[in-house]
Amino acid sequence: MTSVARPVARTAYQQSVADYWNAEKDPVNLRLGDVDGFYHHHYGIGDYDASVLDGRGERRDKAIIAEMHRLETAQSQFLLQHLGDIDPAARLLDAGCGRGGTSVQAHQRFGCRVEGISISEQQVDFANAQARLREIDGSVRFHLRNMLDTGFESGDFAGIWNNESTRYVDLHELFAEHARQLAPGGRFVTITGCYNDLTGGRSRAVSQIDQHYICTIHSRGDYFTALAANGFVPITVVDLTEATIPYWELREQSSVATGIEGPFLTACREGSFHYLLIAADRV
């Protein structure tokens with residue numbers, strides 16, 4: 001694990017986020033990752049196989065867990081395919097890497113070097129341990145760093161992604177740092193939840209999500225304003241709101257439900273929350 005010389009968490013809020021994830025041992029993340037060793041911290045997309053609900057007891061529970069993990073893996077693969085063609089000699093950055101599942105998948109997909117960063121020491125240590133277990137720690141490395149000021153060289157990355165981690169930071173600061181780190185023509189991809197500007201502000205359900213994850217969900221328009229201000233041109237925008245509803249419906253019936261499933265389903269169904277993929281090129 002490497003960190004920059006200056007403090008990683010630079011504000012009381014950032015420290016509270018780090019403290020939250022350092023203490024987090026939520027089964028909704030760990031049990032799903034136990035299925036095949038890919039540990040994620042994001043939601044899923046796609047329809048689920050309803051037959052997983054037919055069983056009983058432990059058998060039913062294991063089937064639901066495996067199906068939820070299949071949906072979250074589909075989400076990360078969907079994100080990675082929007083990075084485009086990545087040369088094996090290239091370098092990628094996973095900003096807000098969680099326990100590192102998507103970084104490992106990126107290395108498997110492209111054969112390139114991947115750097116993951118998090119302000120949670122627990123997440124970084126866990127992710128590096130997984131890379132060592134897979135014997136890919138020479139190519140996939142995780143660092144205790146702040147995504148707003150990473151300390152990496154300018155223009156050093158062919159691609160950068162945030163998978164549900166932009167809600168913790170100022171978008172203008174984040175995209176300025178990404179623009180600095182990307183090579184000209186480099187690709188940025190995010191999958192993120194945002195609130196619908198047309199509703200006039202955060203709905204009650206969106207505010208409940210904010211409170212649960214101690215985050216601040218940005219508006220849909222904020223993303224495009226901040227991208228344009230920092231030299232990014234969106235090339236693909238996909239609304240995944242309908243595609244993520246089945247995941248939340250299945251999760252609500254699982255043993256790892258956390259209580260936030262209801263607000264997510266309400267927000268998605270009423271249209272106050274949009275789940276988007278945005279791919280943009282640095283010009």
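Buried means under 20% relative accessible area, exposed over 50%, and partly exposed in between, with a 1.4 Å probe and protein chains only. By that rule serine 76 is buried, because its relative accessible area is 0%. This is a predicted model, in which local features need pLDDT of at least 70, side-chain atom pairs count only at pLDDT 80 or more, and totals for chains, interfaces and linings use all residues. Residues are numbered from 1 along each chain as its sequence is written, and side-chain values use heavy atoms, with hydrogens and water left out.

Helices (H or I, at least four residues) and strands (E, at least two) are DSSP runs, numbered from the N terminus. Contact means heavy atoms within 4.5 Å.

**Two single residues**

- Serine 76 sits in helix α3.
- Leaving aside neighbours within four places in sequence, serine 76 is in contact with His40, His42, Thr102, Gln105 and Asn163.
- Glutamate 153 lies in the loop between β3 (140-144) and β4 (157-163).
- Glutamate 153 counts as exposed because its relative accessibility is 58%.
- Not counting residues up to four places away in sequence, glutamate 153 touches Arg180 and Gln181.
- From C-alpha to C-alpha, glutamate 153 and valine 114 are 14 Å apart in space, and they are 39 residues apart in sequence.

**Helix α8 and its two sides**

- In helix α8 (residues 220-229), the buried residues are Tyr223, Ala226 and Leu227.
- Seen down the axis of α8, these residues fall within an arc of 100°, so they line one face of the helix. The arc is that of the directions from the helix axis to the C-beta atoms.
- An α-helix has 3.6 residues a turn, so residues three or four places apart point the same way.
- The cover over the buried residues of α8 includes α6 (171-181), β5 (182-195), β6 (232-239) and β7 (273-282).
- Exposed Ala228 and Ala229 are on the face of α8 turned away from its buried side.
- Just after α8, glycine 231 takes a positive phi of about 80°.

**How helices pack**

Axes are lines fitted to C-alpha atoms, for helices over the stretch in contact, and angles run from 0 to 180 degrees between N-to-C directions. Angles under 35 degrees count as roughly parallel, over 145 as roughly antiparallel, 65 to 115 as roughly perpendicular and the rest as oblique. A crossing is left-handed if the near helix is turned anticlockwise from the far one by less than a right angle, and right-handed if clockwise. Ala, Val, Leu, Ile, Met, Phe, Trp, Tyr, Cys and Pro count as nonpolar, Asp, Glu, Lys and Arg as charged, and the others, Gly among them, as polar.

- Helix α3 (residues 57-81) packs on helix α4 (residues 101-110) at an angle of about 55°, with axes 10 Å apart. That makes α3 oblique to α4.
- The crossing of α3 and α4 is right-handed.
- Thr73, Ser76, Gln77, Leu80 and Gln81 of α3 meet Thr102, Gln105, Ala106, Arg109 and Phe110 of α4. This contact has three nonpolar, six polar and one charged residue.
- The axes of α3 and helix α9 (residues 241-252) cross at roughly 160° and come within 10 Å. The two helices are therefore roughly antiparallel to each other.
- α3 passes α9 in a left-handed crossing.
- On the α3 side, Ile64, Glu67, Met68 and Leu71 meet Tyr247, Leu250 and Arg251 in α9. By class, this contact has five nonpolar, no polar and two charged residues.
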